[in-house]
Amino acid sequence: MGKDLIQKSLKDSLFTGIIALALFGPIVGLRTVAKNEVLVVEPKWFIVLLIVAFCAIGRFFINIYSYKKEQRRGEPSSLGKAISNFLDEKGAQIAIAAIAFSIIFPFMPFADRYWMDIAIMMMTYIMLGWGLNIVIGLAGLLDLGYVAFYAVGAYSYALFAIHFGWSFWICLPIAGLFAGMFGILLGFPVLRLRGDYLAIVTLAFGEMIRILLLNWYELTKGPDGLTGIPRPSFFGLPFKRYPDEGVETFHTFFGLEYDPMQRIIFLYYLILVLALITNAFTIKIRRLPVGRAWEALREDEIACKSLGVNPRNTKLTAFAIGAMFGGFAGSFFATRQAFISPESFTFIESAIIVAIVVLGGMGSQTGVVLSTIFLIGLIEVFRDFESYRMVAFGGAMVLIMIFRPRGILAKRKPTITMGKHG
Amino acid sequence: MEYFLQQLINGVTLGSVYGLIAIGYTMVYGIIGMINFAHGDIFMVGAFVALISFILFALTGISLPIILILVLLIAMIFTACYGWTVEKLAYKPLRKSFRLAPLISALGMSIVLQNYVQAAQGARIKTLQPVIQGGFNFFKESDFVVTLSYLQIFIVLVTIVLMAIFTLLITRTALGRAQRACEQDRTMTALMGINVDRTISMTFIIGSSLASVAGVMFVMYYGVIDFYIGFLAGIKAFTAAVLGGIGSIPGAMLGGLLIGLIETFWSGYISIEYKDIAAFTTLVIVLIFFPTGFLGKPDIEKV
């Protein structure tokens with residue numbers, strides 16, 4: 001019995017080793033390097049050997065382990081379920097604690113420039129995640145081109161602010177409006193497509209917008225990008241060390257020493273408020289008829305149609321509202337960076353936002369926060385290993401789909417149910 | 001007229017490449033009903049394997065036809081391993097999951113493959129010296145000389161031969177019958193004693209090796225590749241598959257040809273900067289107005 005198992009496992013791991021050799025042999029083992037303008041091959045057999053050995057040995061132990069586990073026949077414990085239950089019980093308290101923490105965060109002793117930048121970046125992704133959650137989580141439409149609306153928001157803010165000199169607070173709603181209009185424009189023809197077709201078409205739209213931004217040089221300056229985008233001001237008080245003559249700045253008005261951190265902290269609060277508005281809006285709209293219709297459509301489109309819900313209009317509202325929040329986030333991005341170019345709006349950004357929503361558990365607002373901290377944290381930790389971190393990122397997507405296809409917080413409880421909850 | 005002819009030749013060549021990739025999409029969609037998003041990156045891996053083997057064989061001094069056959073075979077074998085592994089790792093566990101799960105997993109796999117190749121081979125573009133040179137020139141006396149290079153003839157010929165072999169495989173062999181049966185009803189096929197898992201694996205292996213042939217041709221035709229080529233080529237080939245009617249194999253070839261022609265004529269007559277927009281626009285228009293494509297079956301939604 002035991003001998004048989006070991007023999008089988010050995011055979012299996014030998015096979016795994018051969019496959020691993022075929023996979024990694026040419027691509028990892030034979031690196032092409034340009035020497036004097038001519039490509040030559042540089043062998044790296046040692047690394048291949050290590051990887052192959054690792055795969056084969058790993059396979060062997062997985063076989064033994066899964067055999068032993070099968071003998072025990074225990075209920076598989078699920079960490080995600082435990083977290084999910086815990087959050088269900090203590091949800092409100094945790095949310096309040098999290099918001100309180102994010103409010104006092106800038107005044108923590110460790111919150112220096114580096115941490116603030118990460119916090120702002122995470123907040124931006126959380127906001128984008130919450131915006132996209134309306135489209136994916138509530139309405140069940142997989143949108144792989146969300147970054148297009150982010151880009152539309154960013155560019156419309158930048159163009160209005162540069163050419164007309166309008167302030168951030170006027171441009172913000174305009175940018176949201178523009179992005180929402182784009183959402184309707186793009187959504188109108190395609191929303192009757194089924195799930196995976198819709199995904200590909202939205203992806204195509206996202207790329208089209210990027211190509212347009214790249215080539216419409218007169219408007220967007222193409223690959224050079226737009227520079228000198230005005231920074232936001234604190235209700236008309238700019239954050240500047242040396243202001244123009246006769247202009248009161250933030251630090252003179254409040255009688256403070258000038259500190260560049262003031263602007264960073266202001267930006268942090270700005271995105272925090274924007275993100276919380278997105279969240280509050282989503283929580284609210286879930287309980288309104290249109291939100292209920294989204295969730296119903298996600299669960300069963302044919303049943304909805306027969307009950308008189310217009311699927312196209314309902315989906316269109318979700319698409320447009322999601323796009324609008326993407327536009328808000330985009331204009332924040334533009335004002336924070338003061339420089340935007342099509343480089344910032346590639347497909348990989350869309351993929352990251354989709355991953356945040358999906359891995360968090362579609363429809364779960366808390367899940368978005370958790371998965372943003374996890375994924376953006378992952379990307380940050382491996383900052384110095386540019387492509388390895390994206391390998392880890394993609395791998396995480398696959399693994400979570402395999403082990404928890406509904407996301408970390410697998411919560412798809414409709415907001416309203418008939419009879420007893422359960 | 002001469003210019004038109006030249007674009008036609010280029011379009012057919014490009015169309016062969018897209019058609020070969022599109023078959024992989026259409027086969028996988030037919031058999032398990034998912035869009036294999038990582039297929040474009042499998043094509044990219046094929047191009048890299050081809051590049052590496054061309055460089056290695058150039059040192060040995062074997063004669064050109066043998067090199068070509070060897071490179072094709074090597075690329076097919078190694079890339080098929082990738083297709084097989086991707087299916088086993090990322091799609092097989094999700095076969096009974098909800099609809100979007102395999103798509104998201106495929107997206108993750110595509111990111112993994114791109115960045116893995118970038119990490120292993122470097123982010124710079126790779127250039128290959130032309131392997132086959134020369135060609136026929138027509139209309140030498142006019143002001144626009146039309147060139148039909150040997151390479152283009154080679155690409156179209158290999159595509160035709162592969163298509164013939166492949167059609168025979170699908171229509172005449174037991175494997176092809178099993179594949180068509182799986183397309184119709186997987187449970188019933190399993191009850192008839194056909195190994196469904198193996199049939200699906202074979203589908204991925206065949207699709208990947210056809211994509212790798214497209215990769216070999218791509219690296220020979222353009223001479224420049226990087227880790228990102230799979231993304232655009234993948235979308236265009238997917239468009240081709242949809243245009244021909246997803247699930248239909250002759251449709252994929254026809255769609256590939258059309259996409260190749262649309263792209264070359266667009267960049268030849270309208271605008272080269274916006275050439276990728278041509279493929280995307282075609283995709284959107286086709287999906288909206290006739291989602292079943294030319295040779296596809298209408299898709300009826302059941303409760």
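**Note on a predicted two-chain model**

1. Within chain A, the C-alpha centres of domain 1 and domain 2 are 40 Å apart. Domain 1 covers residues 2-72 and domain 2 covers residues 86-403, with bounds that come from an automatic or database domain assignment. The model is predicted: local features need pLDDT of at least 70, side-chain atom pairs count only at pLDDT 80 or more, and totals for chains, interfaces and linings use all residues. Residues are numbered from 1 along each chain as its sequence is written, while chains are lettered from A and ligands numbered from 1 in the order in which they are written.

2. Chain A contains 16 helices and 4 strands. Here helices (H or I, at least four residues) and strands (E, at least two) are DSSP runs, numbered from the N terminus. Of the 422 residues in chain A, 40% are buried. A residue is called buried if 20 or more other C-beta atoms lie within 10 Å of its own, exposed if 12 or fewer, and partly exposed in between, with C-beta atoms placed from the backbone. Among the contacts of chain A between residues at least 6 apart in sequence, 75% join residues at least 24 apart; two residues are in contact if their C-beta atoms, placed from the backbone, lie within 7 Å.

3. Helix H7 of chain A (residues 195-215) has 21 residues and should span 30 Å at 1.5 Å a residue; its end C-alpha atoms are 31 Å apart, which agrees. The expected span is 1.5 Å times one less than the number of residues. H7(A) is mostly covered, as 15 of its 21 residues are buried.

4. A:Ile96 belongs to helix H3 (residues 79-104) of chain A and counts as exposed, because 10 C-beta neighbours lie inside 10 Å. A:Ile96 and A:Ala175 are 79 residues apart in sequence and 30 Å apart in space, C-alpha to C-alpha. A:Ile352, in helix H14 (residues 347-360) of chain A, counts as buried because it has 22 C-beta neighbours inside 10 Å. From A:Ile352 to A:Met397 the separation is 45 residues in sequence and 9.8 Å in space, C-alpha to C-alpha. A:Glu295 lies in helix H11 (residues 289-299) of chain A and is partly exposed, with 19 other C-beta atoms within 10 Å. A:Glu295 and A:Gly137 are 158 residues apart in sequence, yet their C-alpha atoms are 8.4 Å apart.

5. The backbone of A:Ala338 deserves a comment. Most residues other than glycine have a negative phi. A:Ala338, a residue other than glycine, has a positive phi near 65°. A:Ala338 is placed in the loop between helix H13 (311-337) and strand E4 (339-340) of chain A, and is partly exposed, with 13 other C-beta atoms within 10 Å.

6. In chain B, the axes of helix H5 (residues 150-172) and helix H6 (residues 174-184) come within 5 Å and cross at roughly 70°. Axes are lines fitted to C-alpha atoms, for helices over the stretch in contact, and angles run from 0 to 180 degrees between N-to-C directions. H5(B) and H6(B) are therefore roughly perpendicular, a term for angles of 65 to 115 degrees. H5(B) contributes B:Leu169, B:Ile170, B:Thr171 and B:Arg172 to the contact, and H6(B) contributes B:Leu175, B:Gly176 and B:Gln179. These residues divide into 3 nonpolar, 3 polar and 1 charged. Ala, Val, Leu, Ile, Met, Phe, Trp, Tyr, Cys and Pro count as nonpolar, Asp, Glu, Lys and Arg as charged, and the others, Gly among them, as polar.

7. Between the chains, 53 residues of chain B are in contact with 44 residues of chain A. On the side of chain B, the elements that give two or more residues include helix H2 (39-60), helix H4 (100-121) and strand E1 (126-127). H4(B) supplies the largest share, 17 residues. This side of chain B divides into 39 nonpolar, 8 polar and 6 charged residues.

8. Helix H9 (229-244) of chain B also gives two or more residues to the side that touches chain A. H9(B) has 16 residues and reaches 23 Å from its first C-alpha to its last, close to the 22 Å expected at 1.5 Å a residue. Because 15 of its 16 residues are buried, H9(B) is largely enclosed by the rest of the structure. B:Gly245 follows H9(B) and has a positive phi, near 100°.

Notes: Parallel < 35°, antiparallel > 145°, perpendicular 65-115°, else oblique.
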